[in-house]
Amino acid sequence: MEYRNPVVINRADPWIYKHTDGYYYFIATHPDYQVIELRRAKKINDLDKTSEIKIIWQAHQSGHLSQLIWAPEIHFIDDKWYVYFAASDDATRRDAHHHHRMFVLENADSDPFSDHWEEKGQVQTHQESYRLDATVFQLKDELYYCWAQLEPTIPGNSNLYLAKMSNPWTLKGKILTLSLPTLPWECIGFKVNEGPAAIIRNDKVIIAYSASATDENYAMGLLWANISDDLLDGYSWHKSEKPVFKSSEKNQQFGPAHKSFTVSEDGKKDLLVYHARPEKNKSGDPLANPNRHARIQSFEWGADGLPIFGEPVAD
């Protein structure tokens with residue numbers, strides 16, 4: 001299958017989930033930062049204008065769920081639908097009192113396009129500080145939650161953390177500091193580790209993540225552990241020294257990161273879903289530039305059991 005890129009224009013932080021009903025469900029950051037939009041189609045190439053599209057949630061008029069709705073993900077857990085996302089109470093201030101928090105929506109209907117989405121509240125962590133980009137994955141009957149958060153005692157914008165969950169909106173037990181932005185390529189513009197997404201293959205739990213500023217320096221790194229190891233033991237994890245996916249001058253794709261994983265229509269190919277910009281950010285805050293487009297491409301696996309992403313393909 002050849003995919004038409006971009007898959008969906010002006011959508012950042014894309015997440016695609018292929019369900020047992022044969023639909024691909026697409027969710028991403030909407031450029032107005034005020035709604036959560038869900039799309040579905042039987043073919044990935046139809047996720048743009050020919051797909052079903054519905055706004056499933058709108059920001060509140062005020063409070064912690066009113067501003068900067070970022071990076072939603074949709075998951076199907078124990079026969080219910082869940083959407084994880086981040087939101088703030090202020091469009092410009094980001095400090096100890098005004099910052100992103102993480103929230104969960106639940107829908108018990110078999111059809112996530114129904115109107116029965118319920119707010120389950122904020123996911124509480126170890127520190128009341130800036131936090132976002134949550135993802136979940138299941139392994140050995142345990143549900144794990146991985147997210148990005150500012151730790152006031154650690155220099156930088158955000159680190160990655162990992163914990164188990166007692167239910168899809170509540171953490172339990174130990175919280176592991178999974179990764180800090182310490183490598184040179186993770187600290188361009190800002191010291192950032194964020195946007196984790198997990199794929200379990202070859203007896204490994206593999207977490208791809210994003211680092212550096214969200215302009216052309218945004219790139220993707222890799223963390224991995226064996227599925228037989230204790231995932232909440234920091235010694236179980238390994239980290240790539242260099243980015244595994246980065247900007248391509250040749251193909252005019254910049255800042256390729258904040259990704260998810262899905263499979264091709266025939267189930268034979270693993271697919272990387274990500275956003276990239278068609279040009280470098282010229283001026284100002286790159287988050288104010290809506291030219292991040294959702295893209296997709298297949299990838300291969302190396303002899304070491306880790307993914308080989310190559311470089312972002314041209315339009």
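I began with Lys282, which is exposed, with a relative accessible area of 72%; here buried means under 20% relative accessible area, exposed over 50%, and partly exposed in between, with a 1.4 Å probe and protein chains only. The model is predicted, so I kept to its limits: local features need pLDDT of at least 70, side-chain atom pairs count only at pLDDT 80 or more, and totals for chains, interfaces and linings use all residues. Residues are numbered from 1 along each chain as its sequence is written, and side-chain values use heavy atoms, with hydrogens and water left out. I then found that the side chain of Lys282 meets that of Glu279 in a salt bridge, at 3.7 Å from N to O, the term standing for a side-chain nitrogen of Lys or Arg within 4 Å of a carboxyl oxygen of Asp or Glu. Glu279 counts as partly exposed because its relative accessibility is 34%. I also noted a network in which salt bridges that share partners join Arg11, Glu37, Arg39 and Asp48.

My search of the whole structure returned 21 salt bridges. One of them pairs the side chains of Glu106 and Lys120, at 3.8 Å from N to O. Glu106 belongs to strand S7 (residues 101-107) and Lys120 to strand S8 (residues 118-122), so this pair ties together parts that are 14 residues apart in sequence; strands (E, at least two residues) and helices (H or I, at least four) are DSSP runs, numbered from the N terminus. I looked up the accessibility of both partners and found Glu106 buried at 7%, whereas Lys120 is partly exposed at 24%. Lys120 also forms a salt bridge with Glu118, with the closest N and O atoms 3.7 Å apart, and Glu118 counts as partly exposed at 42% relative accessibility.

I searched the whole structure for disulfides, meaning pairs of cysteine sulfur atoms within 2.5 Å, and the result was 0. I recorded Cys146 as buried at 1% relative accessibility, while Cys187 is partly exposed at 25%.

From Cys187 I moved to Thr182, since leaving aside neighbours within four places in sequence, Thr182 is in contact with Cys187 and Lys239, contact being heavy atoms within 4.5 Å. Thr182 is found in the loop between strand S12 (170-179) and strand S13 (193-201), and its relative accessibility of 57% makes it exposed. I also checked Ile199, 17 residues from Thr182 along the chain, and the two C-alpha atoms are separated by 24 Å.

I take a nonpolar core to be a set of buried Ala, Val, Leu, Ile, Met, Phe, Trp, Tyr and Cys residues joined through side-chain atoms within 4.5 Å. The largest has 34 residues, of which Ile36, Trp57, Ile74, Val83 and Phe85 touch the most other members. Strand S6 (residues 80-88) gives this core its largest share, 4 residues. A second, separate core of 30 residues includes Leu162, Leu178, Ala211 and Leu223. Returning to Phe85, I listed its contacts beyond four places in sequence, among them Ile36, Trp57, Leu65, Trp70, Pro72, Arg101 and Phe103.
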